[in-house]
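These are my notebook entries on one structure. I set down what I looked up, topic by topic.

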Amino acid sequence: MNILLLGSGGREHALAWKITASPLVERLFCAPGNAGIAQEAECVALDITDHRAVIAFCREKHVDLVVVGPEAPLVAGIVDDLEAAGLKAFGPSRTAAQLEGSKGFTKDLCRAHNIPTAAYERFTAAEPAKAYVRARGAPLVVKADGLAAGKGVVVAATVAEAEAAIDMICGESQLGSELVVEEFLTGEEASFFVLSDGETALPLATAQDHKRVLDGDQGPNTGGMGAYSPAPVMTPQMTARALDEIVRPTIRAMKQMGAPYRGVLYAGLMITAEGPKLIEYNVRFGDPECQVLMLRLMSDLVPALVATHDGMLRTFDLRWYDDVALTVVMAAKGYPGAYQKGSLIEGLDEAAQVDGVEIFHAGTRADGGRVLANGGRVLNVSALGKTVGDAQARAYRAIERIRWPDGFCRRDIGWQAVKREQEKA
Ligand code: AMP
């Protein structure tokens with residue numbers, strides 16, 4: 001098969017690494033890719049917002065399957081356009097991608113199908129939203145309806161903070177003026193990934209991530225500073241509940257609506273005292289969660305992608321390593337605020353020699369034989385181990401070998417899980 005992968009981050013590097021390991025693959029292209037992906041795939045300078053150009057490329061190169069990494073092209077309907085052109089694409093249609101593209105859509109679906117989630121109201125103007133906030137009292141969570149690259153959610157501890165968040169969302173034209181105000185849930189967060197072919201959900205694995213930029217889960221939110229899989233809180237019983245109470249009813253509802261969900265569905269869950277509740281859906285693999293999932297996946301990924309597309313998951317199965325996988329994000333100093341691009345990164349080959357370690361590139365650029373930083377999140381130093389502590393030690397051993405004065409990382413990725421392991425021992 002010839003496969004075209006769309007995207008340029010650590011998620012796509014991990015997918016490329018796993019896809020090229022498949023004996024089914026003849027050529028793997030990636031648009032636009034990065035310096036790490038270039039070691040696995042033929043990177044092509046295609047503008048992926050130009051669906052016609054993507055279609056023309058697929059025809060020219062006899063691409064059998066397009067795998068879409070990020071959410072923006074999905075929400076923009078690239079899968080619909082590719083399918084209409086007679087091409088196969090892995091990922092949900094534009095309508096099905098509403099599960100991530102509109103928080104209000106997902107909340108209404110939960111309400112209509114009794115799917116456990118935070119109580120909420122939708123608003124299209126600031127004043128009624130503020131009146132609701134005053135009536136409910138804090139804490140509350142204020143969310144912009146549409147895609148906001150992680151900037152559209154404010155957990156407000158006071159009514160004043162919630163009102164300020166409403167003004168911020170309504171004032172930023174690119175966030176639109178649709179918003180959701182919802183109940184603040186307490187518990188432990190976990191991510192649960194499934195493949196769905198429109199009818200059948202095939203559970204993949206669970207993960208937990210660290211969104212805050214500083215050690216101890218302090219400081220501003222980021223796209224994710226590290227992750228590990230599996231999530232200890234997702235016991236077999238909790239996973240079964242998440243599947244039965246949240247994921248399967250969603251897949252049934254999407255089918256009933258005439259928008260069957262095909263692709264990977266990522267449920268962001270809060271494990272509350274009453275059980276799992278949905279915080280949000282994402283319609284793609286998480287980044288950096290994908291990196292730890294791909295390390296743990298023993299089976300060939302490509303047949304699973306094809307079976308998802310073809311509606312054949314009912315008879316499909318995947319095998320996983322029991323090992324824990326953990327990834328540490330190395331970011332450019334200043335991230336998630338302003339940062340410089342172009343600094344030199346050295347020592348990657350020595351770092352990759354640490355047993356069990358795999359380094360995925362999130363934002364790099366090749367310059368001759370050199371690797372330069374080219375984004376906020378730049379590297380995902382990932383490792384497999386028998387325990388979280390073991391995987392964590394390996395990842396940090398590799399990081400010690402990386403010479404990048406302009407980069408930084410958190411030093412405590414996986415700390416809750418390591419603490420759990422120490423308490424058990
Ligand atoms: P989201 O973009 O919806 O995943 O929200 C980003 C983060 O905000 C989540 O990972 C949670 O940490 C937090 N969050 C969102 N909704 C809630 C909620 N209803 N209760 C508590 N925390 C929330």
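Which residues of H1 are buried? I found Gly 10, Arg 11, Glu 12, His 13, Ala 14, Leu 15, Ala 16, Lys 18 and Ile 19. Buried stands for under 20% relative accessible area, exposed for over 50%, and partly exposed for in between, with a 1.4 Å probe and protein chains only.

**Basis of the entries**

I note that this is a predicted model, in which local features need pLDDT of at least 70 and side-chain atom pairs count only at pLDDT 80 or more, while totals for chains, interfaces and linings use all residues. Residues are numbered from 1 along each chain as its sequence is written, and side-chain values use heavy atoms, with hydrogens and water left out. Helices (H or I, at least four residues) and strands (E, at least two) are DSSP runs, numbered from the N terminus.

I looked up strand S4, residues 65–68, and found both of its faces covered. Leu 65 and Val 67 are buried on one side, and Val 66 and Val 68 are buried on the other. In a regular strand the side chains alternate between the two faces of the sheet. Two strands count as paired if DSSP finds at least two bridges between them. Strand S1 (residues 2–7) runs parallel to S4 and is joined to it by 4 bridges; Ile 3 has Leu 65 as its bridge partner in S4. S4 also pairs in the parallel sense with strand S5 (residues 89–90), over 2 bridges. There, Val 67 stands opposite Phe 90.

**The sheet of 4 strands**

I then traced an open sheet of 4 strands, with the order S6-S9-S7-S8 and antiparallel pairing. Its edge strands are S6 (120–123) and S8 (153–156), each of which pairs on one side only. From one strand to the next the twist averages 15°. Strands S7 (residues 140–144) and S9 (residues 179–183) run antiparallel and are joined by 5 bridges, and Lys 143 has Val 180 as its bridge partner in S9.

Which strands does helix H7 lie across? Helix H7 (residues 126–136) lies across S6, S7 and S9, at about 160° to S6. Helix H8 (residues 159–171) lies across S7, S8 and S9, at about 0° to S7. Axes here are lines fitted to C-alpha atoms, for helices over the stretch in contact, and angles run from 0 to 180 degrees between N-to-C directions. Contact means heavy atoms within 4.5 Å.

**The sheet of 3 strands**

A further open sheet has 3 strands in the order S16-S19-S18, again with antiparallel pairing. Strands S16 (344–345) and S18 (364–367) stand at the edges with a single partner strand each, so one side of each has no neighbour in the sheet. S18 is joined to S19 (residues 370–373) by 4 bridges. Ala 366 stands opposite Val 371, and Arg 365 stands opposite Leu 372. These two strands form a hairpin with 2 residues between them, and Gly 368 in the turn has a positive phi of about 60°.

How many residues does H13 have? H13 has 13 residues and reaches 18 Å from its first C-alpha to its last, close to the 18 Å expected at 1.5 Å a residue. The expected span is 1.5 Å times one less than the number of residues. The axes of H13 (residues 388–400) and H14 (residues 415–424) come within 8 Å and cross at roughly 130°. The two helices are therefore oblique to each other; under 35 degrees counts as roughly parallel, over 145 as roughly antiparallel, 65 to 115 as roughly perpendicular, and the rest as oblique. Val 388, Gly 389 and Gln 392 of H13 make the contact with Trp 415, Ala 417, Val 418 and Glu 421 of H14.

**Backbone details**

I recorded two cis peptide bonds: from Ala 31 to Pro 32, with omega near -5°, and from Tyr 335 to Pro 336, with omega near 10°. Pro 32 is found in strand S2, whereas Pro 336 is in the loop between S15 and S16. His 62 is not a glycine, yet has a positive phi of about 55°; it is exposed, with a relative accessible area of 58%.
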